[in-house]
Amino acid sequence: GHEGQTERVPTGQVEHARGTNQDQPSCDAHPDLLPALSTISQRVRTGPPGAVACAVMPFAPVRSLRRATSSTVRTVLSSTVVAFVIKVASAGLSFVMFAALARAMEPDAYGRFAAAFSLTTFLATAASVGQRGAALKWVSAHAAVGAARWRAGAMRVGYGVVLIGGLVVASGVLVAATLGVEGLGRLEVATAVGILVLALAEYQGHVFRASGGIPLALLPRDVLWRASVVGLAAWAVFTGATWSPATWLLAVMGLLAAWAGGQFVVHERRHPDASPRTPAAFAWRRWVPTWWGFWAASVLVIAAGSWSVVAIERWVGPEQAAGFFVALRTAQLLNLFVLASKVVTMPAFSRLVELRDWPEVQRVASASAWLSGAFALVGFGAFVALGGWLLSAFGAEFRTWTPELWILAAGFVVSAAAGPTEALLQMGGRERGFVVVLAVAHGVSVASLAVTIPAFGTLGAACSVASGSVLIALLGRAFALRSLGVDPTVLAVLSRRRG
């Protein structure tokens, strides 16, 4: 069980205090850690108090923080409501944004734009090298115990890794297009630019989430960026402007870059103490091993959805890809509360796991799962009744993809009922196991596209994508129960092990 773990200092951390990790800064170099010595010395009775505190402070339980967790569920739920309100506005604007873009382009052009946008999203995630999840884990964990220099170091390393990764992947796209049959075109150039912009903007949002500034982390990208794209598309429709898919992709990413730049400036002015430009320390041996799990997980999570659109565009045609993209984007509205709760639960799980407060972890996970599942179930009913009408907002011709919408939505209902499984396993130190879960589930999902699309078209693709969501829910729950003793799903009330 987990009893008594709040009183134990892991052996690896004590060895770390004795100097086995030369990359870890000393207390002399970090006066910001010294106020915690008295608290740590009350818990640790062996070894030099200063050395043990220097090793444990960023990673181990602290009594003052432990007392604060009694209100964690209330804090998580209230913060989730704030994030949910922003995500509702974001989801509404995302729906309107893609509908407006569909109105501003012909179906064929919109299909090519949708495929390029999906590919850009996937490759931007790959270019981030797991830094989004790493920011939520390490920036949050270091901030929770007052380790300001480690926090700054984690942010600084993250920006650098994402920048380099974005440049490498974008260059790879340009080289591959140049050597390809069709040669380098404007859409490939726009995709390369979009990869770099989206990778940096998404990473920055995760950093600010980990720092606790949810409105500043979400509003620029989730609300203001989408609103500006809607305005631009409305202008194009009103004036009759006809832009190519490449021009639209560049315009959309250009607006995102502008809002992300403004977001950084505002954060620097409001939170200068949480800036990556402050004095930094680096715990490479602690951070780097966790990147690969976050990297693989982030790529696998979006693999089926992204590649299904690209595959349909290549194998069936741009217009079919446009219809499936519309159905997929609409169905993703059911994932709204899952995304909102993930904004809050990932940093919360990071802190609670550091404190070894497993009962509180279970309570947070259960509350999040029930809220997400209930919302998704109500949304599914609305899709059954109003799905065709919603799709017609993109154009009357898109009503044809209502059956695909229902199939995709059913998969997202199961995903919502699975609760914060991803957040729990990643923040609970089970990143590698979660990668295996994702690899199996999405491997089956993506591989099946080669059969389902030629045989059944977009209906087959919808079944493949939905099957991935169901497999992740089943396998993720089993792994969380076995490895952490926590059930993150709505079935927690039936589980014998609840933290």
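At what angle do helix α9 (residues 186–210) and helix α11 (residues 245–270) pack, and how far apart are their axes? The angle is about 25 degrees, and the axes are 9 Å apart. This is a predicted model. Its chain has 20 helices and 0 strands. Of the 499 residues in the chain, 56% are buried.

**Helix α9 with helix α11**

- Two packed helices are described by the angle between their axes and the distance between the axes.
- An angle under 35 degrees counts as roughly parallel, so α9 and α11 are roughly parallel to each other.
- The two helices, α9 and α11, cross in a left-handed way.
- On the α9 side, the residues in the contact include Leu187, Ala190, Val193, Val197, Leu198 and Phe208.
- On the α11 side, they include Leu249, Leu250, Met253, Leu256, Phe264 and His267.
- By class, the contact of α9 with α11 consists of 16 nonpolar, 7 polar and 1 charged residues.

**Helix α9 with helix α10**

- Helix α10 (residues 214–239) also packs with α9, at an angle of about 150 degrees and with the axes 7 Å apart.
- Angles over 145 degrees count as roughly antiparallel, and α9 and α10 are therefore roughly antiparallel to each other.
- From α9, the residues Leu198, Glu202, Gly205, Phe208 and Arg209 meet Ala217, Leu218 and Arg221 from α10.
- This contact of α9 with α10 divides into 4 nonpolar, 1 polar and 3 charged residues.
- Leu198, Gly205 and Phe208 of α9 are among the residues that meet α10, and they are also among those in the contact with α11.

**Helix α12 with helix α19**

- Helix α12 (residues 284–301) packs with helix α19 (residues 431–456) at an angle of about 25 degrees, and their axes are 9 Å apart.
- With that angle, α12 and α19 are roughly parallel to each other.
- The crossing in which α12 passes α19 is left-handed.
- In α12, the residues of the contact are Pro289, Thr290, Gly293, Phe294, Ala296, Ala297, Leu300 and Val301.
- In α19, their partners are Glu431, Arg432, Phe434, Val435, Leu438, Ala439 and His442.
- Sorted by class, the contact of α12 with α19 holds 10 nonpolar, 3 polar and 2 charged residues.

**Aromatic rings**

- The whole structure contains 19 aromatic pairs.
- One of them is the pair of Trp243 and Trp248, with 4.7 Å from centre to centre and 45 degrees between the planes, which is a tilted arrangement.
- Trp243 is partly exposed, at 28% relative accessible area, whereas Trp248 is buried, at 0%.
- Phe282 and Trp284 form a stacked pair, because their planes are at 15 degrees, with the ring centres 5.9 Å apart.
- Phe282 is partly exposed, with a relative accessible area of 26%, and Trp284 also counts as partly exposed, at 39%.
- One aromatic cluster is made of Phe95, Phe98, Tyr110, Phe113, Phe117, Phe325, Phe394, Phe398 and Trp401.

**Leu101**

- Leu101 is in helix α5 (residues 72–104), and it is buried, with a relative accessible area of 0%.
- Beyond its neighbours within four places in sequence, Leu101 is in contact with Tyr110, Phe113, Val229, Ala233, Trp248 and Val252.
- Tyr110 and Phe113 also belong to the aromatic cluster.
- Leu101 and Phe394 are 293 residues apart along the chain, and their C-alpha atoms are separated by 8.4 Å.

- Most residues other than glycine have a negative phi, and most peptide bonds are trans.
- Val129 has a positive phi, near 50 degrees, although it is not a glycine.
- Val129 sits in the loop between α6 (107–127) and α7 (131–144).
- With 13% relative accessibility, Val129 counts as buried.
- Glu360 is part of helix α16 (residues 358–391), and it counts as buried at 3% relative accessibility.
- Between Glu360 and Ala348 there are 12 residues of separation in sequence and 10.0 Å in space, C-alpha to C-alpha.

Methods:
Residues numbered from 1 in each chain as written. Predicted model: local features only at pLDDT ≥ 70, side-chain atom pairs only at ≥ 80, totals over all residues. Heavy atoms only, no water. Axes fitted to C-alpha atoms, helices over the stretch in contact; angles between N-to-C directions. Helix = DSSP H or I, 4+ residues; strand = E, 2+ residues; numbered from the N terminus. Parallel < 35°, antiparallel > 145°, perpendicular 65-115°, else oblique. Left-handed = near helix turned anticlockwise from the far one by under 90°. Contact = heavy atoms within 4.5 Å. Nonpolar A, V, L, I, M, F, W, Y, C, P; charged D, E, K, R; others polar. Phe/Tyr/Trp six-rings, centres within 6.5 Å; stacked < 30°, edge-to-face > 60°. Buried < 20%, exposed > 50% of the residue type's maximum accessible area, 1.4 Å probe, protein only.
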